[in-house]
Amino acid sequence: CGSGNFLVPVLERKLAAVKSRYGSSEFEKRHYALAALMSIYGIELLADNTDECRGNLLEVFVAFVKAQPDDDIVDAARAVLDANIVNGNALTMQNSAGTPILFAEWAYLGKGRFQRRDFRFDALTQMSLYGEGTLFESMDKAEIFRAEKDDYPPLSIPDIAGMATSASAEKGELA
């Protein structure tokens with residue numbers, strides 16, 4: 001995904017749709033803007049490009065929701081970007097630590113709550129093998145593709161923000 005040169009315009013288009021549909025309610029606008037950010041994914045081999053991509057997307061998001069630096073939604077956006085923009089190798093399907101790439105599937109449940117499930121990238125790329133005309137066409141995708149982790153409780157923005165704070169603490173960074 002490089003430094004986000006194609007992901008930034010995608011996010012901008014998604015946010016324009018959020019503004020047109022939910023612009024009259026600040027609550028809904030902020031939550032659906034976060035949901036829009038949650039639907040953007042990328043893999044980048046170089047760590048500095050990964051950080052730059054996350055930063056570019058965060059900048060667009062923060063400007064859209066008019067967030068202050070200490071707003072929970074900023075930390076929640078960081079946590080989402082840490083999960084969705086991965087420093088790794090798309091060919092080996094491993095992250096920079098050498099473990100399988102996991103992507104979070106996020107769903108907005110409404111009323112300020114989100115649901116998260118994590119899937120292995122290598123399993124997701126195999127979905128095309130299970131379509132029409134294959135031995136597995138009668139199987140439900142849920143039978144084939146199991147989440148690596150699906151026991152997250154419904155999450156609020158402060159809950160998601162706590163994920164960013166926890167990750168920073170684990171890395172020894174300032175939150």
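How many helices and strands does the protein chain have?

## Overall make-up

The protein chain has seven helices and five strands. Helices (H or I, at least four residues) and strands (E, at least two) are DSSP runs, numbered from the N terminus. From that end, the elements run α-α-β-α-α-β-β-β-β-α-α-α.

This is a predicted model, where local features need pLDDT of at least 70, side-chain atom pairs count only at pLDDT 80 or more, and totals for chains, interfaces and linings use all residues. Residues are numbered from 1 along each chain as its sequence is written, and side-chain values use heavy atoms, with hydrogens and water left out.

Of the 175 residues of the protein chain, 38% count as buried. Buried means under 20% relative accessible area, exposed over 50%, and partly exposed in between (1.4 Å probe, protein chains only). A contact means heavy atoms within 4.5 Å. Among contacts between residues at least 6 apart in sequence, 66% join residues at least 24 apart.

## The three-stranded sheet

Three strands form an open sheet in the order E1-E2-E3, with mixed pairing. Two strands pair if DSSP finds at least two bridges between them. The edge strands are E1 (42-44) and E3 (94-95), and each pairs on one side only. Strands of a sheet pair through backbone hydrogen bonds, either parallel or antiparallel.

E1 and E2 (residues 85-89) run parallel, joined by three bridges. Glycine 42 stands opposite isoleucine 85 in E2. Glutamate 44 has asparagine 87 of E2 as its bridge partner. Helix H3 (residues 47-65) packs on the sheet and touches E1 and E2. The direction of H3 makes about 165° with that of E2. Axes are lines fitted to C-alpha atoms, for helices over the stretch in contact, and angles run from 0 to 180 degrees between N-to-C directions.

On the E3 side, two bridges join E2 to E3, and these strands run antiparallel. Glycine 88 stands opposite asparagine 95 in E3. E2 and E3 form a hairpin with four residues between them. Methionine 93, in the turn, has a positive phi of about 60°. E2 is mostly covered: four of its five residues are buried.

## The E4-E5 hairpin

E4 (residues 102-110) and E5 (residues 113-120) run antiparallel, joined by eight bridges. Alanine 104 has aspartate 118 of E5 as its bridge partner. Two residues lie between E4 and E5 in this hairpin. Lysine 111 in the turn has a positive phi of about 55°.

## Helices H2 and H4

The expected span of a helix is 1.5 Å times one less than its number of residues. For the 13 residues of H2, that gives 18 Å, and the end C-alpha atoms are 18 Å apart, which agrees. The 13 residues of H4 (residues 72-84) should also span 18 Å, and the end C-alpha atoms of H4 are 18 Å apart.

Buried residues of H2 include Ala33, Leu34, Leu37 and Met38. Among those of H4 are Ile73, Val74, Val80 and Leu81.

## Lysine 29

Lysine 29 lies in H2 (residues 26-38). Lysine 29 is buried yet has no salt bridge. A salt bridge is a side-chain nitrogen of Lys or Arg within 4 Å of a carboxyl oxygen of Asp or Glu. The nearest side chain of opposite charge, glutamate 26, is 4.2 Å away. Here Lys and Arg count as positive and Asp and Glu as negative, while His and the chain ends are not counted.

Which residues does lysine 29 touch, not counting those up to four places away in sequence? They are Val18, Tyr22, Gly23, Phe64 and Lys66.
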